[in-house]
Amino acid sequence: MENLKTTPFTDIHIALGAKMAEFAGFNMPIQYPTGINREHMIVREGVGVFDVSHMGEFWVKGDKALDFLQYITTNDLSVIPAGKAQYTCMPNGKGGIVDDLIIYKYSTTKYLMVVNAGNIDKDWEWVNVQRDKGQWTKDEEQRAALSLENASSRYGQLAVQGPKATELLQLLTDADLKSIDYYAFREWSFAGVPGVILSNTGYTGAGGFELYFPAERGIEIWNALFEVGKPFGLAPIGLGARDSLRLEKWYCLYGHDIDDTTSPLEAGLGWITKLDAKDFIDRDFLKQQKAEGVQRKLVHFECLERAIPRNGYEICDAEGNVIGNVTSGIMLPDTKVGIGMGYVRTPFAKKETVIYIKIREKLQPAKIV
C-alpha cells in the first residue's frame, strides 16, 4: 500500500473502517462495514456517495479541437450542443478499444475528456501520439495550436447516486438541478466552492450527479454532503457496490467487458460508432466488420439456477462445447439471481437462448436477456 496513489478522501475511508485495496494504482475503498449488498441497496433505494477521484481528466482546447476529437473517437461530437456530454470510445487502430470515456463539450474549442483511472497514462500517451501524427489534419500549425492538458491530479470527483440524490444536492447549490438534463452539465457554486462541475451522469443507473472540483476543496464538499445528507440516510459506497450496480445496469467495465482486443461492434457499442457521420481511426475496419458480421458478441445473461458467474468462466452449449467466456458476473443482493456479461459466438447471442456457465466443472444453465 505504501506506493499507491491516494485521493483527497483516503484518510476518511480508512477512518470509517473501509476495506481498502489497490485499484488502478490507487488505494481505494472496496466496501465499508455495512457490506457490498447493503451499499448496493442504499443506492438503489436512497442515496450514496462514491469517491471516484481516481478518474482521469484531460482538457482539449483550440480552434481544431473538434476535428481532433472527431478523428480519435467513434461517436459524433458535432451533434451535441455546448453544455452536454457524450459517451464514446477511442479505437486503437487495430480493431480494439483504447478506452471508453465521456467528453464534456464547453464550446467548439474547449472539451473535457474523462477517462478510466487504469488507463490515464495509456490514454495520455495515445492522445499525444495522435495529435503529433497528424492524421486528423495535415496542417502543422493546427497541430501545434491544439492544447492538451492532463489535469487528472488537480481534480477530485464524487458521484452522488440514487433516487434521493437530486433532492439532497439541491440543498447545497442554487443551480436548478432539475433543469440539467441527462448527460448535461453546468459549472456552478456548490457547498460554497465555486466552479464545481455538476454533471447529470453516473455509472449506476440509479440517477444522480457526478461532481468535479479542485482536489484541495474535496474535504469541504464531503463534509457538507454528509451534514445535509443525514436525514436522507446518505452513506459512503465502495467500489464493490459500484461494480455490482453498473453490472445490474449492463454498463461495460474496461479491462473486463471491453479492452484492446474487443471491437465496439462486438461489444454492442454500435450506437456510439457513427460510421457514416465522419472519418475516424478504424472506420474502414469497422465498416467492413459490420458488413461481414461479427464472429462474437457481448451478451447479458441471467442464471436459471442458484449460481455466481465470475470473470474468466467458460460459456458452453448444451453439449459442453466452449462457445465463449464470462467477462463480469455477480449475484444480485436483493433477488439472489446470478447475472453476468460475456462474449459468445454470434449464433448463440440471440435473446432467450439458453447457455451454460461452467462453474467447478458443472454446467449451470443461464438465459440471454
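How many salt bridges does the structure hold? The count is 14, where a salt bridge is a side-chain nitrogen of Lys or Arg within 4 Å of a carboxyl oxygen of Asp or Glu. Before we zoom in, keep in mind that this is a predicted model, where local features need pLDDT of at least 70 and side-chain atom pairs count only at pLDDT 80 or more, while totals for chains, interfaces and linings use all residues. Residues are numbered from 1 along each chain as its sequence is written, and side-chain values use heavy atoms, with hydrogens and water left out.

**View 1. Aspartate 243 and arginine 246 pair up in helix α8.** The closest N and O atoms of this salt bridge are 2.9 Å apart. Both residues sit in α8 (residues 239-248), three residues apart, so about one helical turn separates them. (Helices, H or I with at least four residues, and strands, E with at least two, are DSSP runs numbered from the N terminus.) Aspartate 243 is partly exposed at 27% relative accessibility, but arginine 246 is buried at 1%. Here buried means under 20% relative accessible area, exposed means over 50%, and partly exposed is in between (1.4 Å probe, protein chains only). Look for Asp257 as well: Asp243, Arg246 and Asp257 are linked in a network of salt bridges.

**View 2. Glutamate 352 meets lysine 367 in a salt bridge.** From N to O, the gap is 3.7 Å. Glutamate 352 lies in the loop between β17 (338-345) and β18 (354-359), and lysine 367 is in strand β19 (residues 362-368), so the pair ties together parts that are 15 residues apart in sequence. Glutamate 352 is exposed, with a relative accessible area of 52%, whereas lysine 367 is partly exposed at 27%.

**View 3. Lysine 358 and glutamate 361 form another salt bridge.** Their side chains come to 3.6 Å, N to O. Lysine 358 is partly exposed at 29% relative accessibility, and glutamate 361 is exposed at 67%.

**View 4. Here is the largest nonpolar core, with 40 residues.** A nonpolar core is a set of buried Ala, Val, Leu, Ile, Met, Phe, Trp, Tyr and Cys residues joined through side-chain atoms within 4.5 Å. Phe50, Tyr104, Tyr106, Leu112, Ile237, Ile258 and Leu269 touch the most other members. Several elements each supply at least two residues of this core, among them α2 (36-45), β5 (85-91), β7 (110-115) and α8. The biggest giver is β6, with four residues. A second, separate core has 28 residues, including Ile12, Val47, Leu177 and Leu211.

**View 5. Now zoom in on isoleucine 237 and its contacts.** Leaving aside neighbours within four places in sequence, isoleucine 237 is in contact (heavy atoms within 4.5 Å) with Tyr32, Glu39, Ile42, Val43, Gly48, Val49 and Phe50.

**View 6. Tyrosine 183 has a positive phi.** The angle is near 60 degrees, in a residue other than glycine. You'll find tyrosine 183 in the loop between α6 (165-170) and β10 (185-190). At 15% relative accessibility, tyrosine 183 counts as buried.

**View 7. Tryptophan 250 has a positive phi, too.** This time phi is near 65 degrees, and once again the residue is not glycine. Tryptophan 250 is in the loop between α8 and α9 (283-292). With 23% relative accessibility, tryptophan 250 is partly exposed.
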